[in-house]
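Open the model in your viewer and keep the sequence panel beside it. The stops below say what to select and what to find there.

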Amino acid sequence: QWDIIVSNPPYIPQSSYEQLEPVVKRYEPAMALRVPDTAPLCFYQAIISYATAHLKTGGALYFEINQDLGEATLALFNDLPFTAQLTKDYSGNYRFICAQKI
């Protein structure tokens, strides 16, 4: 059982990858960034499933997210034993989800 899980899973849809800044592509492996267009939340689904089984009650789960998929990512917590909220970065964009297992 874990107290905290922190993750920055891949979240850039394949179709958006080529539009990334060159500096991002230069220093980050593609496999650390890209997800299939058909399943952009696949890593979040897997991590939330793992956290549901292995996070202690009261434990926290933190994700960096694709700001364009914030509401869809947050919806993955529906009907699960978590309270979750979108959190903004310093630029005012929703870039994180903070969740607590209840």
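How many disulfides does the count come to? The count is 0 disulfides, a disulfide being a pair of cysteine sulfur atoms within 2.5 Å.

Before selecting anything, note that this is a predicted model, in which local features need pLDDT of at least 70 and side-chain atom pairs count only at pLDDT 80 or more, while totals for chains, interfaces and linings use all residues. Residues are numbered from 1 along each chain as its sequence is written, and side-chain values use heavy atoms, with hydrogens and water left out.

**Stop 1: the sheet**

Switch to a cartoon view and find the open sheet of 4 strands, whose order is β1-β4-β6-β5 with mixed pairing. Its edge strands are β1 (2-7) and β5 (82-88), each of which pairs on one side only. From one strand to the next the twist averages 15°. Angles here run from 0 to 180 degrees between N-to-C directions, with axes fitted as lines to C-alpha atoms, for helices over the stretch in contact. Helices (H or I, at least four residues) and strands (E, at least two) are DSSP runs numbered from the N terminus; two strands pair if DSSP finds at least two bridges between them.

Strands of a sheet pair through backbone hydrogen bonds, either parallel or antiparallel.

Now go through the pairs:

- Select β1 and β4 (residues 55-64): they pair in the parallel sense over 5 bridges. Val-6 has Tyr-62 of β4 as its bridge partner.
- Select β4 and β6: 5 bridges join them in the antiparallel sense. Ala-60 has its bridge partner in β6, namely Gln-100.
- Select β5 and β6: these run antiparallel and are joined by 7 bridges. The bridge partner of Lys-88 is Tyr-94 in β6.

Stay with β5 and β6 and look at their hairpin, which has 5 residues between the strands. Gly-92 takes a positive phi near 85° in this hairpin.

**Stop 2: the helix across the sheet**

**Stop 3: the nonpolar core**

Next, show side chains for Leu-61, Phe-63, Phe-77, Phe-82 and Ile-97. Of the 21 residues in the largest nonpolar core, these five touch the most other members. Such a core is a set of buried Ala, Val, Leu, Ile, Met, Phe, Trp, Tyr and Cys residues joined through side-chain atoms within 4.5 Å. Buried means under 20% relative accessible area, exposed means over 50%, and partly exposed is in between (1.4 Å probe, protein chains only).

At least two residues of the core come from each of α3, β4, β5 and β6. Its largest share, 4 residues, is supplied by α3.

Centre on Phe-63. Residues up to four places away in sequence aside, Phe-63 touches Ser-7, Pro-9, Tyr-44, Ile-47, Ile-48, Phe-77, Arg-95, Phe-96 and Ile-97; contact means heavy atoms within 4.5 Å.

**Stop 4: the salt bridges**

The count comes to 3 salt bridges, each being a side-chain nitrogen of Lys or Arg within 4 Å of a carboxyl oxygen of Asp or Glu.

Select Asp-3 and Lys-56, whose closest N and O atoms are 3.3 Å apart. Asp-3 is partly exposed at 46% relative accessible area, and Lys-56 is partly exposed at 34%.

Select Arg-95 and Glu-64, where the closest N and O atoms are 2.5 Å apart. Because Arg-95 is in strand β6 and Glu-64 in strand β4, the pair ties together parts 31 residues apart in sequence. Arg-95 counts as buried, at 18% relative accessibility.

Select Glu-18 and Lys-25, with closest N and O atoms 3.5 Å apart. Glu-18 is exposed at 55%, whereas Lys-25 is partly exposed at 25%.

**Stop 5: two cysteines**

Finish with Cys-98, which lies in strand β6. Is Cys-98 buried or partly exposed? Its relative accessible area is 24%, so Cys-98 is partly exposed. Leaving aside neighbours within four places in sequence, Cys-98 is in contact with Leu-61, Tyr-62, Thr-83, Ala-84, Gln-85 and Thr-87. The C-alpha atoms of Cys-98 and Leu-61 are separated by 6.0 Å, although the two are 37 residues apart along the chain.

Then select Cys-42, which is partly exposed with a relative accessible area of 26%.
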